[in-house]
Amino acid sequence: MFKESVIDGLWKQNPGTIQLLGLCPTLAVTTTVVNGVSLGLATMIVMVIANSTISPIRKIVPDKIRVPIFILVIAALVTVIDLSIHAYAEPLYKALGIFIPLIVTNCIVLARVESFASKNPILPSFYDGFFMGLGLCLVLAILGGMREFLGRGTLFSDLDLIFGQAFSNVSLNFFDQYEGFLLAVLPPGAFLGLAFLIALMNWIDQKN
Amino acid sequence: MNNFLQKYKIIGQAVFVMIMFGIIFSSILGFFYNKTNPIILKSENEAKQRLLLQVISKEIYNNDLINSYIEIEPNPLLNNITSTKGYIAKKNNEVVAVILETRAPDGYSGEIKILVGIDKNGNILGTRVVKHQETPGLGDYIDIDKSNWINIFNFTSLVNTSEQEWSVKKDQGKFDYMAGATITPRSVIKAIYKALIFFKSNQLKLGINV
């Protein structure tokens, strides 16, 4: 069960590149590694908690109204996380802005709850949420890295937004005077980057 | 008859479960809201205070800036729909500078809220964008967290910069902008220019002796 979750979440059923669910944040936020990873982690937390909340109550939820109840639970969880981040990690809240509330509408959360947690016991659901979330987080990180490197010539910039001023110099600068490749930062860059990532994964799959 | 009752039992059950879930999760939300709201309000206030301090430096005034403000009625020059605050900085009870809150209505995506600090002679001491929704990576360089662009307005005034010069270099103006986004700086420049005009025509109201 555990091994299956790992393989499905990270590769075979990767939410970002195979299931292609949750494209809205995948494409919108991944302008830098830091943004991508932050939203990835927030989504991962929501998925873990949502899966482990829905799984134990799956038997008392009437089948006909399960979707509204799932959405209610997910929306409440996201709001709690949104409020907590705003109160206890304000810089992170500023960096992620409107994308945290948007996790509610992220299909991947509802999809995992509906197709996995509502049919499986709590521990497998927990693993599923964790590794699906991790898979998405990795895709966001790689995509963010590609776009940041091409678009701005840096990696890990703005780390101080999350960890405070001490990390303001961690950023890697690859070029002395880099004009920036604007396309990579703009939305089309996200589509192109994701396409390359999917192509790469398919190529590796085909070779094996 | 039995069928009929059976049907209503299912509906009743569904309604009951939905209501129970609604009650449980709204209480959870209420609990978290009550716990986090004071902290959020406090940090919002602190953020505002920090911005006010960035707009004019602490050395030039000695009053309680946060609490000394006048309400400014809706004015087309400041683009405020409801009344807004104008902060008055005083040194030894004499007005040395004011901070106006102005809005640029024509940003690339929505309104841009700007604080403009102006000394008593009409020179800009500092400007900060408080709130905006400009495209990340393109128009958001007006935010001090992303770049220092907003500091180009320091020390400008209506006297040392003519009306023609209050625009981006592309439009024969004086101000630099970054490639890819000209709508954003255009609207910011216009809003700051209009704030200066407001200052010039309302000096008495702001407590400055001309």
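At roughly what angle do the axes of helix H1 and helix H7 of chain A cross?

## Two helices side by side

Let's start with that pair in this predicted model. The axes of helix H1 (residues 2-12) and helix H7 (residues 122-152) of chain A cross at roughly 25° and come within 8 Å. Because angles under 35 degrees count as roughly parallel, H1(A) is roughly parallel to H7(A). The crossing of H1(A) past H7(A) is right-handed.

Which residues make the contact? On the H1(A) side they are A:Phe2, A:Ser5, A:Val6, A:Gly9 and A:Leu10. H7(A) brings several partners, among them A:Tyr127, A:Phe131 and A:Leu138. Sorted by class, this contact has 9 nonpolar, 3 polar and 1 charged residues.

## Inside the nonpolar cores

Now look at the largest nonpolar core, which has 44 residues. Those with the most contacts inside this core include A:Val46, A:Ala50 and A:Ile74. Helices H3 (33-57), H4, H6 (107-117), H7 and H10 (187-207) of chain A each give two or more residues to this core, and H3(A) gives the most, with 11 residues.

Leaving aside neighbours within four places in sequence, A:Ile74 is in contact with A:Ala50, A:Val104, A:Val109, A:Leu110 and A:Val113. A second, separate core of 38 residues includes B:Tyr61, B:Ile72, B:Val188 and B:Ile189.

## Where the chains meet

Finally, here is how the two chains touch: 20 residues of chain A are in contact with 18 residues of chain B. On the chain A side, helix H4 (66-88) and helix H9 (182-185) each supply at least two residues. The largest share, 11 residues, comes from H4(A). By class, this side of chain A has 13 nonpolar, 5 polar and 2 charged residues.

Conventions. Residues numbered from 1 in each chain as written. Chains lettered and ligands numbered in written order. Predicted model: local features only at pLDDT ≥ 70, side-chain atom pairs only at ≥ 80, totals over all residues. Contact = placed C-beta atoms within 7 Å. Helix = DSSP H or I, 4+ residues; strand = E, 2+ residues; numbered from the N terminus. Nonpolar A, V, L, I, M, F, W, Y, C, P; charged D, E, K, R; others polar. Axes fitted to C-alpha atoms, helices over the stretch in contact; angles between N-to-C directions. Parallel < 35°, antiparallel > 145°, perpendicular 65-115°, else oblique. Left-handed = near helix turned anticlockwise from the far one by under 90°. Core = buried A, V, L, I, M, F, W, Y, C linked by C-beta atoms within 7 Å. Buried ≥ 20, exposed ≤ 12 C-beta atoms within 10 Å, placed from the backbone.
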